[in-house]
Amino acid sequence: MKTLLHFFLLLITLWVSIIIPAVHSQCIKDQQLSLLQFKKSLVFYDDIFIRPRTRLISWNASTDCCSWVGITCSRNGRVRGLDISSEQISAGIDNSSSLFHLHYLQSLNLADNRLGSNSQSIPSAIGNLLNLRYLNLSLNDYSGQIPMEISRLTRLAVVDFSKNGAFHIKLGSPNLHTFVQNLTELRELYLDWVQISEQGREWCRAISDSLPNLRVLSMSACDLSGPVLQSLAKLRSLSVIRLDGNHISAPVPGFFANFSNLTVLSLGDCGLHGTFPKEIFQLPSLQSIGLLGNYQLDGSLPEFSRNGSLQHLDLGWTNFSGLLPNSIGNLKMLSTIDIDYCNFTGPIPKSMTNLTQLVSLSMPDNKLEGSIPSFSGAKNVHTIELSNNRLTGTINSTHWRNLTKLSSLCLNSNKLDGNIPASLFSLPRIDLSNNQFSGPFPEISNVSSSLLNAPGLAIYLGSNNLEGPIPMSIFSLRGLRALDLSSNNFSGSFPLDGLHQLRNLSALDLSHNNLFLSPDHTNFSYSSFSQLSTLRLVSLKLITFPNFLRNQSNLRILDLSDNQINGKVPNWIWGFSDLENLNLSCNSLDSVEVPSINHSNLLSLDFSRNYFSSSIPSTIGDVLGSTVFLSLSSNNLSGIIPESLCNSRNLRILDLSNNSLSGTVPRCLTTMSTLLVLNLRRNNLTNVNEFSHNCSLEMLDISGNQIQGQFLRSLVNCTQLKVLNLGNNLITEPFPCFLSNTSTLRVLVLRSNKFYGRIGCRKTNGTWPVLQIIDLAHNNFSGEVPGTALTTWQAMRNTKDNGPWKISNIGLNYDDDLYYQEDTVNVSNKGLEMELDNILTIFTSIDFSCNKFNGSIPEEIGELKSLYALNLSNNAFTGAVPSSLSNLSELESLDLSKNKLSGQIPLELTKLTFLEFLNLSYNQLVGRIPSGAQFSTFDAASFEGNKGLWGPPLTTYNRTGFSPKLEANHSNPGHEIDWDIICPEIGFTCGFGISIGSLLFCKRWRKWYYRAMYNMLLKIFPQLEERFGHHWRHVYVHQRYWRR
């Protein structure tokens, strides 16, 4: 009986617990009316690319509002939660909205809409919802000030105003302190992209003093400044810290390692510096750490324990260095590793094969060495990026078999060699370019049909040592999007007709091979060909334009340079409306018809090194309105420079060098604010107008013309100049001291003009700190060379070890497809006049030759420790050769010839172990020429014309070690006594005379001599004893002879 009673009571309890709440959860009528009125007031944003709204469809008067999607109610039927996020709402919520009649709301989620798109601010009536504990207005378009009324919502636990556009909303009045001071129950604060603009002492104290229970602090891109104060250490419950994109500009505080609940630390792009505390990595709770873009932040990875929770590691673009610890394999939860552009060294740990949860591995642009380990255990990985390292060895085909989810393998720019495994071509994207792979391109086989037809396939094998024919199986990859086989040794025929099979191909590069491109003369219609966006067929001995190009309406980049195409540029090439980069340089083209329509997309046009003649079309600038780069250099163009070029409003680089252009440089070119490079070298130009105050030029080369110097002083307006070449003109001006404030100047060439006067300037502090080439040769400069000016040329003082040195060319790089290099400067180096091509940023040179400089060579020149070439010849320098020149440890060429230098050659110069050329001829040097090291490689021409010099290679070696005496005031050097020759002759004559005299005049000495000779002969020829007998021992010379 008791059992039945208990069972009955249980049924009643279940009925009460199920039915009664359902009855009491029915929506209150006024709540329903408020919601329906709210729905009616909403304005929606229609966008076919965004999924349609679904929540509000269920909102109608015939159903209980507590059952509506996005609505939650309390047991008594009051609306407690409203979630209409991601519903494409653009307007309809203001202070009069019926939404704010729902006074019992505890949760309001309006995120991911378009609210505020008409410059609306957050409605202040939200402050009437005093029961709110959760408020989310993120991912909208609100602007203006966050209303003060929200600070009355003292029960708030979560507030999210993040990502309402970049700085569209702000906290100014009230400030952060006023906003949060009453929100003492707040657990999560999301203010990303809210403009707060406070110093560290302000925002740190506002949060630490008012929010003791804060767990999530997310304030990315809030225009905050640092440092992070110690007061934040009080927030021991913090589990998420996101401060990316602020101006912290301070070290990472060590107390972050005391947050035992920390799971996320994101401090990207904060200007952090100093050393990152290793202890933070070792927090057992840490799941994600992001330090991306803190270029001055040092650090290294610690040893990781086995209980780590780390899932995401992002250290890209920092200064982290050291070895990757083998214990990284202990991080079993690790799914993403991003350490791009750091300074990690050593091998890739083999333990990384234990990272079974790894999805993305990105470690490019480090200094990693050794072979590539197996990642066979990381079966979930889809991206492996190891480019731009120092990896060596071959690729083991077995390492990739189990990686069935791998979609992208990037190993470019390493030192990998050997053959390329055929199995790699089963991957959707491989980049093995810029390595040392050799052997043939393997046949593509055993590839799944889904991959053959999958769009987005990409193969990059450029810049290797691959050889042999390109397999025709490449055309079976129907989904191939990009193919780069450039700069290899491929040979044989490549059928252009086969391209019609690759319907998805958008980028093709076959440049710099030994391929024969078979003509595309087939029955296939041009429309069946793939629509390429990038085509590069450089240096393939083409003699005509490929026919299939006629139908390539989507071409964006076309490079047919360095071929043998002759004749006229076809008119149909101007029909490519999307064309951005056209390079037909280094061909044999002789004519072109300028199109009549404006090519608004054409950014780069290179027709250099052809045979174009006549004049530049007068309307060229009208049809190239958006062009950034224009080169017509090294042709046979004549006439004037058309002013229409200035109509190219975006023109940055203009190269008209090596032609026969004449007249005046148009005034509009010298006043263009966009122009960065103007190269007019080697023409017949006679005048340049003054440069305006908005001059942006970084490279100016007008050398090799007939220009005079009226414009010169206006160069003071070009404050960003890196290269200035005025050589070989008719400029008659004093030294341009007004350029001393152009701190960016790297190359200054004034050679072969009529410059005059002294080169010293009054203000020398900070003058030309990056100058690396200065050429004043063949002018009329005079006076002394000021040593203090030389010490300001900091780039020549830095050595490779204490740089910062990076070997590259002087040039301008604007994007991946547009690069210009100042590659030619005439210099006097190693005794020869030469054109220096491809100027490296580490090459340094001083040429003051063929002027009228006098006085002594300044000792300060020895401080220019990175100098490669020094030429002070053909001047009137006096005094001694400075011993400080021995400090120029990189010096390869030294020319001090044809001056009036005196004294001895400093022995210290033998320390110059890189010296290849030395000329000290025709001075007044004396003493012995130093020997040893590089001096033993120089011939007599290096020292001739110095009357007082002696020793090799001018004279033979002097065993006495004393300098020969010179006759004072000797007028005829042809009658001087050469003691190096006379002394041995006198010594031989004296010795021979003494020996013969002793035999003639000393009988005793004569007898001893003949006995000694006779005994010597008997030892050599013992048979003489038997033949002549003992009487020979007593034979003497006839006495009558000796008595004469």
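The legends below describe an overview and several close-up views of a predicted model.

In this model, local features need pLDDT of at least 70 and side-chain atom pairs count only at pLDDT 80 or more, whereas totals for chains, interfaces and linings use all residues. Residues are numbered from 1 along each chain as its sequence is written, and side-chain values use heavy atoms, with hydrogens and water left out.

**Overview: the protein as a whole.** The secondary structure comes to 14 helices and 65 strands, where helices (H or I, at least four residues) and strands (E, at least two) are DSSP runs numbered from the N terminus. Of the 1044 residues, 49% are buried, buried being under 20% relative accessible area with a 1.4 Å probe and protein chains only. The accessible surface, from the Shrake-Rupley method with a 1.4 Å probe, comes to about 48600 Å², and carbon and sulfur atoms hold 51% of this area. Among contacts (heavy atoms within 4.5 Å) with a separation of 6 or more, 56% are between residues 24 or more positions apart.

**View 1: the open sheet of 11 strands.** The strands follow the order β14-β16-β18-β20-β22-β24-β26-β28-β30-β32-β34 with parallel pairing, two strands being paired if DSSP finds at least two bridges between them. At the edges lie β14 (273–275) and β34 (514–518), each of which pairs on one side only.

**View 2: the pairing of β24 with β26.** Strand β24 (residues 390–393) runs parallel to strand β26 (residues 415–418), and two bridges join them. Gly393 stands opposite Leu416 in β26.

**View 3: the surroundings of Ile905.** Ile905 is placed in the loop between β62 (900–903) and β63 (917–919), and this residue is buried, with a relative accessible area of 4%. Leaving aside residues up to four places away in sequence, Ile905 touches Leu920, Leu925, Val926, Pro930, Phe935, Phe943 and Leu949. The C-alpha atoms of Ile905 and Ile929 are separated by 6.7 Å, although these residues are 24 residues apart along the chain.

View 4: A cavity is a set of points, on a 1 Å grid over the protein atoms alone, where a 1.4 Å probe fits but cannot get out; grid points are joined across faces, edges and corners, and a volume is the space filled by probe spheres set on the points. The count comes to six cavities of 30 Å³ or more, and the second largest cavity has a volume of about 80 Å³. The residues lining the second largest cavity include Phe281, Leu286, Phe304, Gly308 and Leu331, lining residues having an atom within 4 Å of a point.

Methods. Buried < 20%, exposed > 50% of the residue type's maximum accessible area, 1.4 Å probe, protein only. 1 Å grid on protein atoms, 1.4 Å probe; cavity = no way out; pocket = protein on both sides within 12 Å on 5 of 7 lines; lining within 4 Å.
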